[in-house]
Amino acid sequence: MAEIGASSQTNPFRWLVVAVPYLWLIVFFAAPFLIILKISLSDTAIAMPPYTPTFEGFGALGDFLSQLDFDNYQFLTEDPLYFNAYLSSLRIAAISTLLLLLIGYPMALAMARASSTIRPTLMMMVILPFWTSFLIRVYAWIGILKPEGLLTLLLQTIGLLGPDDQVQIFRTDYAVFIGIVYSYLPFMVLPLYAALEKMDGTLLEAASDLGCPPWKAFWKITFPLSLPGVIAGSMICFIPITGEFVIPDLLGGAETLMIGKTLWTEFFGNRDWPLASAVAILLLLALVVPIVIFQNQQQKAG
Amino acid sequence: MAKSLGPVKRKFSPWTDPSATPFIRFENITKRYGDFIAVDNLTLDIYEREFFSLLGPSGCGKTTLMRMLAGFEEPTSGRILLQGRDLSGTPPYKRPTNMMFQSYALFPHMTVEKNIAFGLEQDGLPKPEIRARVEEMLKLVKLEAFARRKPAQLSGGQRQRVALARSLAKRPKVLLLDEPLGALDRKLREETQFELMDIQHTLGLTFLIVTHDQEEAMTVSDRIAVMDKGIVVQVATPAEIYEGPNSRYVAEFIGDINILECALTENAGVCLHEGHPPVVRLESDGLSIAVEQECPAAVGDRVAFAIRPEKVRISLDPPAAAETNTAHGEVWDIGYLGDFSVFLVKLEDGRVLRAAQANVSRLVDRPITFGDMVWLTWPLDAGLVLTR
């Protein structure tokens, strides 16, 4: 150990390699976070930038600090809109994650069990949507789901809908779920596939040999062994879905309440940067808990 | 016959009793994968309480045969009978066989005791009974102290024991062992071989073991089936296989052997010893060979003479009389194995014969060394005429 310490002192390049990721985190995570934190403690103002106080140098530091307060956070607790938006976001994220698991798990399992010759093709098909812009794909769903869209046309053609009926999905929570599940599916399938693919097939033979029929072996062997993938996929989906803005904005209706949308409205609609920053900070804190659980799980698995 | 072949492990030979019914019967089994024939119209009987080995090089169909008995593969044609009951269509989880996998296939997310209990839980046994059986199995494989560990926290040898305990826990009618000791080092392997025999004897189960290790097959088995390209070449006891191989393939696969191409010059000649078969005489490029053996070949046929190195005597002095069963040559190489020394002797025509000598004393007056001219001799019943 002493030798490693010595060489890291003598070799500045080695130090640099270690420093780069830290520098990255400081510049692109810690610094913005601190700025947002500071704005969240400020008061809104009709000015440029739209809040006070602004940092005027170290001479006026005491004065600067004395103007910071928790008014915005207090306001968030007073207006039920924000609490409901958080709750609604978590609910939508939880339901979406569950749907993603229900759809993604069979897909990943089928991929992992497919013959090795077609596996790359299946993998390609999962990744392929990434080659198109995310925004365009969401707009495509508008084209499909809107009342005079492709889905209505299809259902009318095959006779499931009368010529004057239309599908009423667009601008509802259903459309949001469809958009989220569609967009996040690869993020669920890939970790699940990675976990399932490395599973030793003879384990299932052993289970069968010991008297365990296949459906039971799935719950006793396959599923427990894929849990790291299930947790990784769920976290990777749940966390960004909670803060999702684009999909509810484009596909959701007026009643679709999500914290990402609320945040956007505060920032750009009301130009209340301090309040929006407080919303962002609380969202971050709400997500830190699942992230920490995720990290712990990863460490246990590794 | 006045003499019999080699040592006998125990008085157990149901296969010689025509009235005995086989425990497992492979009946005209064929298994095809596309154009490849893994098992070719194979028929084989295995008896209750037998320790039976399937021996052969990789790709000879031995593992496929075992997997068909376990139910992981269905034969393309033919049927497998267990105690007279046709197993076709019975899924693995309903067969009274258990398998110890080559990779052990232990469930990594379960502790040792959970692994062992797995099969018993599938049978829906009451909890106290499962506990008792797991304890018993842990004791059998001497792993009581490791019950709460996960497989990843065990050594290779310990994992192998867990795998054995798990496959034995359900008291299967037949235990299938797929290259069970392949991953162990030599010392541990030998120990485990004797333990396996012990366990098999104590529990009175039928063991079917697949191996490519002829030493392992020789040590543990009551009978061995030597396989090649999907067929069984010979089924016999280890001693019969070693001392009386029925073909060059078996002779060369099991142990070390000298093979000489010969022409048969006299068959069913005089009877030199009372009670022994008559003499067969062979000619092999100037060497004249005599063997006491029943031989189906005719005079003039090309046959092979096979003799194990340890049955060839090596000496610096010429033999007293006899021109037959004698070869003269130069020591070309020596392999010192500790217990044995193997001498490679080059005959005048360039052929090399191997002679092994047990190193019975630590010090000898004049050891045989490189370049020595030596005489090789062997008795009438030491070698074997092989016609195929």
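1. Helix H10 of chain A spans residues 202-209, with helices here being DSSP runs of H or I with at least four residues, strands being runs of E with at least two, and both numbered from the N terminus. Its buried residues are A:Leu203, A:Ala206, A:Ala207, A:Ser208 and A:Asp209; buried means that 20 or more other C-beta atoms lie within 10 Å of the residue's own, the C-beta atoms being placed from the backbone.

2. A quick word on the basis: this is a predicted model, where local features need pLDDT of at least 70 and side-chain atom pairs count only at pLDDT 80 or more, while totals for chains, interfaces and linings use all residues. Residues are numbered from 1 along each chain as its sequence is written, and chains are lettered from A, with ligands numbered from 1, in the order in which they are written.

3. What covers those buried residues of H10(A)? The cover includes helix H11 (214-242) of chain A, along with helix H1 (62-70) and S6 of chain B. Just after H10(A), you will find A:Gly211 with a positive phi of about 100 degrees.

4. Now to the contact between the chains: chain A gives 14 residues and chain B gives 17, two residues being in contact if their backbone-placed C-beta atoms lie within 7 Å. On the side of chain B that touches chain A, strand S6 (97-100) and helix H2 (112-122) each supply at least two residues. H2(B) has the largest share, three residues.

5. Elsewhere, A:Asp71 sits in helix H4 (residues 71-78) of chain A. A:Asp71 lies 34 Å from A:Arg171, C-alpha to C-alpha, and 100 residues from A:Arg171 in sequence.

Terms used. A residue is buried if 20 or more other C-beta atoms lie within 10 Å of its own, exposed if 12 or fewer, and partly exposed in between; C-beta atoms are placed from the backbone.
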